[in-house]
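This report looks at a pocket, a sheet and some backbone features of one protein. Please keep the sequence and the model in view while reading.

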Amino acid sequence: MVDPRLPAWWLEDALADEEPREAPPLGHDLEVDLAIVGGGYTGLWTALALRERAPERRVALLEAEICGAGPSGRNGGFVHGYWASLASLRPLLGDAETVRLCEAAEAIVPGVRAFAESRGEDVWLRERGMLMVSAAPAQDGAVARAVEAAAAVGRPEQAVALSREELARRVSSPAFRDGVFFRDGATVHPGLLVRALRRAALDAGVELYERTPVRRVRDGAVETAGGATVRAREIVLAMNAALTGWSPASRNLTNFGSYVVLTEPAPGLLEEIGWTGGEAIVDGRMFLHYFRTTDDGRVLMGSGSGPIGFGGRVDGRFSRDRPTAARAEAGLRRLLPGLAGARVERAWGGPIDVSADHLPFFATKPGTRIHYGAGYSGHGVGPSWLGGRILASLALGADDEWTRLPLATRRVPRLPPEPFRRLGGGLVRTSIMACEAAEEQDRRPPLAARAGAALPRLLGMELGTR
């Protein structure tokens with residue numbers, strides 16, 4: 001077992017080929033038109049959209065560490081929209097709004113491609129689609145629901161059922177029962193993408209200040225921990241999991257830990273199991289496994305079963321939780337036994353901001369010009385492209401195709417207050433994990449575990465990373 005540590009391999013690899021050039025911390029007061037807090041995907045996409053649409057406006061971006069040090073440099077690199085979530089979105093949004101959101105999100109992968117090509121950046125973009133596989137009888141329903149939902153809205157091509165034999169032709173595993181193929185899916189190198197966005201923002205004239213943590217935000221001003229104040233009419237908070245401690249976002253968010261392990265390059269073993277098409281893969285669990293290959297023949301396996309947060313705190317449990325990293329490695333060995341000879345080289349983790357309905361939300365704090373977005377629920381690489389456009393429109397006061405999306409208009413369910421959120425969430429998490437472990441061993445889960453796992457659905461909530 002490799003102990004999890006930061007920085008993530010993605011960021012180390014991206015920085016190895018980049019001339020070190022940190023932006024200076026902000027050491028003086030500043031007045032700009034728009035201030036963005038957060039230098040990850042959401043903040044950088046927002047900055048680029050603002051500079052493109054309002055080039056006359058002065059934009060400053062503040063980042064507590066360096067761009068990419070947070071979730072944008074730690075994730076699995078899955079780029080997709082919402083066709084894979086169709087079954088869970090229909091009861092939440094209705095068919096018409098669900099399809100409208102899914103169709104809008106079809107622009108994500110082409111948008112990332114266009115950005116990379118226009119900049120001459122290699123971000124390891126591979127547009128090979130995504131598979132959901134069933135690896136236990138209890139997961140068969142997730143695959144079936146995905147296929148049925150696409151057919152029900154008249155878009156069967158978005159979720160194509162695969163038999164065990166058809167699935168084995170894409171990737172061979174004795175654990176896989178059947179699956180579904182989503183053509184809306186790609187993978188990237190997260191570190192290369194976030195650093196490419198950083199370079200583009202600097203070239204676009206965004207004023208970037210790294211190593212500049214923010215202490216307080218109020219309407220019209222951002223105060224840094226170093227004592228500087230940024231005055232701006234429009235403020236955008238793009239802080240991902242850190243927003244779980246800020247009201248009003250805290251009413252709708254909690255944090256979960258998500259961990260990954262990364263193997264050494266093993267292209268020969270990938271050929272042996274036939275996984276040479278580059279498809280991203282998830283299984284049918286609630287605390288899903290997510291796995292993909294890389295351009296140099298590595299395999300990344302992730303587990304969204306990490307610890308749950310309390311009161312918005314982001315602490316060492318989200319980056320140093322050895323049991324969750326061990327579960328990710330156990331998933332690798334169980335789901336892909338043909339890779340038994342591939343040594344795990346690295347492990348790392350981080351917090352994901354999970355909303356009550358598993359969709360991100362974007363809004364303006366009432367009575368202010370403070371705009372914010374959060375709640376990606378472990379699926380933010382692609383939707384952050386949408387988020388940047390929504391936040392740019394909110395900051396510019398626009399009423400357009402972006403601000404009319406359900407991500408910006410729906411009523412977001414609230415989570416229970418603390419300590420009930422942490423205690424109840426911990427109980428349900430333990431129950432779900434017990435159920436999934438039993439199901440994968442072909443055992444009936446204990447009654448208490450089944451009752452605890454059913455609780456979120458009875459309350460109209462979602463839990464986990466699905």
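Which strand gives the most to the lining of the second largest pocket?

## Basis of the model

This is a predicted model, in which local features need pLDDT of at least 70 and side-chain atom pairs count only at pLDDT 80 or more, while totals for chains, interfaces and linings use all residues. Residues are numbered from 1 along each chain as its sequence is written, and side-chain values use heavy atoms, with hydrogens and water left out.

## The second largest pocket

Strand S17 gives the most to this lining, with four residues; S17 (361-364) and helix H12 (406-409) each supply at least two. Helices (H or I, at least four residues) and strands (E, at least two) are DSSP runs, numbered from the N terminus. A pocket is an open set of points on a 1 Å grid over the protein atoms alone, where a 1.4 Å probe fits, with protein on both sides within 12 Å along at least five of seven lines, and lining residues have an atom within 4 Å of a point.

The second largest pocket holds about 310 Å³ of space, the volume being the space filled by probe spheres set on grid points that are joined across faces, edges and corners. Of its 15 lining residues, Arg251, Asn252, Ala363, Tyr372 and Val412 lie nearest the centre. The lining has nine nonpolar, two polar and four charged residues, where Ala, Val, Leu, Ile, Met, Phe, Trp, Tyr, Cys and Pro count as nonpolar, Asp, Glu, Lys and Arg as charged, and the others, Gly among them, as polar.

## An open sheet

Eight strands form an open sheet with mixed pairing, in the order S5-S6-S4-S13-S14-S15-S12-S16; two strands pair if DSSP finds at least two bridges between them. Strand S5 (160-162) and S16 stand at the edges with a single partner strand each, so one side of each is left without a neighbour in the sheet.

Within the sheet, strand S4 (residues 130-134) pairs with strand S13 (residues 280-283) in the parallel sense over four bridges, and valine 133 has aspartate 283 as its bridge partner in S13.

## Backbone features

Most residues other than glycine have a negative phi, and most peptide bonds are trans.

Histidine 358, in the loop between strand S16 (344-355) and S17, has a positive phi near 70 degrees.
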